[in-house]
Amino acid sequence: MDSEGVGKPLSVAFTADIDPDANRARAGRVDAVSAGAREAGFDACFRGLRLLLDLLEENSLPATLFWEGRTLEQLARRQADLLARVRQSESLEHGCHGYRHEDFAGQVSGIPLGRARTRAVLARAGEVLGSALGAAPVGFRAPYCRLTPELTGALVEEGYAYDASVAREPSAAWGLRPYRLEGAPALWELALCRSKDRQGKAISGYLWQLFEGRRPVEDYVELVGSLRQECAGGLLQVALHPWHLVVSEDGRPAASDGTANPADRLRQFVERVLGIDGLAFTTAGAYLQEACRPEGQ
Ligand SMILES: [Zn+2]
C-alpha cells in the first residue's frame, strides 16, 4: 500500500464522455463516423444523460462531464431544458472531449493533427463549452483516450489544469495520484485505472463491459473495494458514456429487462459502491485541488 494514503479515503469521481455513440475512427477522416444514424446517436446521448443526471441527483453524487463540442451544440439547439438543468447544477464539473471526436493521433485516420490544427480544435471546442456552459473547461479527456504531444502542448496553452486520458495500472510507484506530464510541467495527469480481476483478466474504470453484459456488477464492486485497500488517497475515475445507458455499442436498443438493462446495472453499481466505507465522492477537478493543496492549508 502507498504509505502516503494511510488514513485517507479513496476518492471516486463519476466521469462521462458526452458524445453521440461508439465513435469509430476511419482511415482518411479526422472526425469519427457512427455505427448507426448520427441523429439517433444524439437522441440516445441526451436520453442517457437525463437518466444519468437523475441517478446522480437521487444519490447526491457529483460528476465530471467531458463534452464533445459538437454534441453540446446539438444539446443547446434541441433540448434547452436539459442544457439549463446541466448549467444550474452545482455538483457537475465540465471538461472537454474534442470538437468532433477527432483522432488527434491519426492512429486510424492516418492523419495525425499537427500543432496548429490541434490548437484550432481545442480553441473551437473551448468556445462552444464557454458559451453553452458559462465557464471555460479546466479538464480534458482525449477522444479514444489518445493523448499526443501536440494535445499536451495545446492544453497548456489553453490553460487547462489537467488531462484525464492516460490509462495506467496501479503499482507501488503509482497509487492513482495526480502526476505531471512529461514536457508539460503546468499540466496534471489524472490517469484512468486499468487493472486485472481475480482471474487475471483486464478490467478498467470504464463501465463498457458492464453495459454490454460482458461483466457483472460484482466485478466492478470488487475493483473499487480492492483499490480502496491499495490506493487510499488516490482518485478512481468511473467512466461511462450516457448513450450506453439506452443503446449498445452497435446502436441497438439496450435490453429493457431489469437485470440486463444498463441503467439498472449502473443503479445497482452505485448502490453497492455507496455501501463501501472509506470512499469520498468528488469531481476530478475538486480532487486535484484538494490533492495538490500544500500541507496544513
Ligand atoms: Zn468519446
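In this predicted model, cysteine 96 has phenylalanine 140 as its bridge partner in β6. The two strands involved, β5 and β6 (residues 139–140), run parallel and are joined by two bridges.

Together, β5, helix α4 (residues 115–133) and β6 make up a β-α-β unit, and a right-handed one. Helix α4 is 19 residues long and spans 26 Å from first to last C-alpha, close to the 27 Å expected at 1.5 Å a residue. Its buried residues are Thr118, Val121, Leu122, Ala125, Val128 and Leu129. Looking down the axis of α4, these buried residues fall within an arc of 125 degrees, so they line one face of the helix. On the face turned away from that buried side sit the exposed residues Ala116 and Ser131. As for what the buried residues of α4 pack against, the list takes in two strands, β4 and β5, plus the helices α2 (69–78) and α5 (149–157). Just past the end of α4 comes glycine 134, with a positive phi of about 85 degrees.

In soluble globular proteins, nonpolar side chains tend to be buried together. Here the largest such core has 73 residues, and the ones with the most contacts inside it are Tyr162, Leu190, Leu207, Leu236 and Ala284. Helix α1 (residues 38–58) supplies the largest share of this core, at seven residues. Leucine 190 makes a handy close-up: leaving aside residues up to four places away in sequence, it touches Tyr162, Ala164, Pro178, Leu235, Gln237, Ala284 and Leu288. Two of these neighbours, Tyr162 and Ala284, are themselves among the residues with the most contacts in the core.

Elsewhere, three strands form an open sheet in the order β8-β11-β12, and the pairing in it is mixed. The edges are taken by β8 (167–168) and β12 (202–204), each of which pairs on one side only. Between β8 and β11 (residues 192–196) the pairing is parallel, over two bridges. Within that pair, arginine 168 stands opposite cysteine 193 of β11.

Technical notes:
Residues numbered from 1 in each chain as written. Predicted model: local features only at pLDDT ≥ 70, side-chain atom pairs only at ≥ 80, totals over all residues. Pairing = 2+ DSSP bridges. Helix = DSSP H or I, 4+ residues; strand = E, 2+ residues; numbered from the N terminus. Right-handed = clockwise from strand over helix to strand, strands pointing away. Core = buried A, V, L, I, M, F, W, Y, C linked by C-beta atoms within 7 Å. Buried ≥ 20, exposed ≤ 12 C-beta atoms within 10 Å, placed from the backbone. Contact = placed C-beta atoms within 7 Å. Expected span 1.5 Å × (residues − 1). Arc of directions from axis to C-beta.
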